[in-house]
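Subject: Structure for you, with notes

Hi there,

Here is the structure I promised to send over. My notes on what turned up in it follow just below.

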Amino acid sequence: MQEEYEIYGGFASVYDRFMDNIPYDDWFRYLYGLLKKEGICEGAVVDLACGTGEITRRLAAAGYQVIGADISEEMLEIARDKCQEDVLLIHQDMRELELVSRVAAVVCICDGMNYICNIEELEQVFQRVHHFLEPDGVFIFDMKTAYFFGEILGSRTITENREDASYIWENEYYPEEQINEYLLTVYELYDDERDLFVRTDELHRQRAYDSNVIAECLKKQGFSRVDVFEAFTEKEPADESERLYFIAKK
């Protein structure tokens with residue numbers, strides 16, 4: 001495996017441009033439905049790995065008191081420009097989550113949890129979330145699956161070129177470790193007159209986990225109930241599910 005790079009540094013400024021195909025409204029409707037089904041219709045909600053704030057701002061618009069947390073200061077700067085003034089954005093690693101009070105729910109959407117690449121650190125995240133949830137609070141997150149990494153993404157190279165930015169996304173999947181490693185090279189227009197671009201390289205790693213392992217880890221940290229659905233449904237996961245949702249009740 002290759003050397004480390006800072007993630008979501010240079011990519012942050014072009015992230016929304018290249019992710020404009022993500023149906024955030026549909027994703028939020030599904031999440032909002034899960035929250036309401038669990039009785040979380042108001043109160044404080046933490047959006048872990050909030051990125052540029054697309055889910056964060058929608059939670060706030062739905063009437064929740066929202067805290068967005070992310071490890072990338074650059075992503076948080078962009079989130080600040082689009083979120084309501086009363087949204088609290090904090091620069092934190094989810095493994096070291098620290099809040100001033102308990103919250104009704106914690107969410108983590110768009111495979112942020114896949115970035116936690118070992119069981120011990122995953123349990124550390126679950127422990128911090130459980131600690132800061134109110135009684136009967138819920139933790140909702142999604143994760144990409146081994147099927148997605150191995151069969152859909154595989155060891156493909158993806159490229160996209162736009163007038164003011166482009167990227168090269170080189171994937172390599174290690175099935176034994178269930179880790180997908182991708183080197184992201186971003187070129188962003190710096191000087192239009194001289195047609196100069198700035199290059200940034202980022203190395204990202206995400207890990208797939210068996211859903212039973214995740215459920216066991218959640219229960220080990222004190223969650224009383226864990227449901228697992230194929231993404232955007234309430235169906236049980238299938239062998240070819242590409243993304244799963246976990247709903248853990250304190």
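How many of the residues of α3 are buried? The answer is 6 of its 8, so α3 is mostly covered, where buried means under 20% relative accessible area, exposed over 50% and partly exposed in between (1.4 Å probe, protein chains only). Those buried residues are E54, I55, T56, R58, L59 and A60. Just after α3, G63 takes a positive phi of about 105°. Helices (H or I, at least four residues) and strands (E, at least two) are DSSP runs, numbered from the N terminus.

A word on what you are looking at. This is a predicted model, in which local features need pLDDT of at least 70 and side-chain atom pairs count only at pLDDT 80 or more, while totals for chains, interfaces and linings use all residues. Residues are numbered from 1 along each chain as its sequence is written, and side-chain values use heavy atoms, with hydrogens and water left out.

The protein chain averages a pLDDT of 91 (the predictor's confidence in each residue, from 0 to 100), and 92% of the residues score at least 70. Over residues 1–9, though, the pLDDT is below 50. In the model that stretch has 33 contacts beyond near neighbours in sequence, a contact being heavy atoms within 4.5 Å. Where pLDDT is low, the predicted coordinates should not be read in detail.

Now for the helix pairs.

α3 (residues 54–61) packs with α2 (residues 24–37): their axes come within 10 Å and cross at roughly 50°. Axes here are lines fitted to C-alpha atoms, for helices over the stretch in contact, and angles run from 0 to 180 degrees between N-to-C directions. That angle makes α2 oblique to α3, since under 35 degrees counts as roughly parallel, over 145 as roughly antiparallel, 65 to 115 as roughly perpendicular and the rest as oblique. The crossing of α2 and α3 is right-handed; a crossing gets that name if the near helix is turned clockwise from the far one by less than a right angle, and left-handed if anticlockwise. On the α2 side the contact is made by Y24, D25, F28, L31 and L35, and on the α3 side by E54, I55, R58 and L59. By class, these residues divide into 6 nonpolar, no polar and 3 charged. For the classes, Ala, Val, Leu, Ile, Met, Phe, Trp, Tyr, Cys and Pro count as nonpolar, Asp, Glu, Lys and Arg as charged, and the others, Gly among them, as polar. An α-helix has 3.6 residues a turn, so residues three or four places apart point the same way.

The other pair is α5 (residues 119–132) with α7 (residues 211–220), which pack at an angle of about 50° with their axes 9 Å apart. That makes α5 oblique to α7, and the crossing is right-handed. I119, L122, E123 and F126 in α5 meet V213, I214, C217, L218 and K220 in α7. This contact has 7 nonpolar, no polar and 2 charged residues.

F141 sits in strand β5 (residues 133–144) and is buried, with a relative accessible area of 0%. Leaving aside residues up to four places away in sequence, F141 touches C108, M113, F126, I214, L218, L244, Y245 and F246. V107 is 34 residues from F141 in sequence, and their C-alpha atoms are 5.5 Å apart in space.

D136 lies in strand β5 too. D136 has a positive phi of about 70° although it is not a glycine, and at 51% relative accessibility it counts as exposed. F232 also has a positive phi of about 70° without being a glycine; F232 lies in the loop between β10 (225–230) and β11 (243–249) and is partly exposed, at 37%.

I22 touches W27 and C110, not counting residues up to four places away in sequence.

E96 is in the loop between β3 (88–91) and β4 (103–108), and at 57% relative accessibility E96 counts as exposed.

Best wishes
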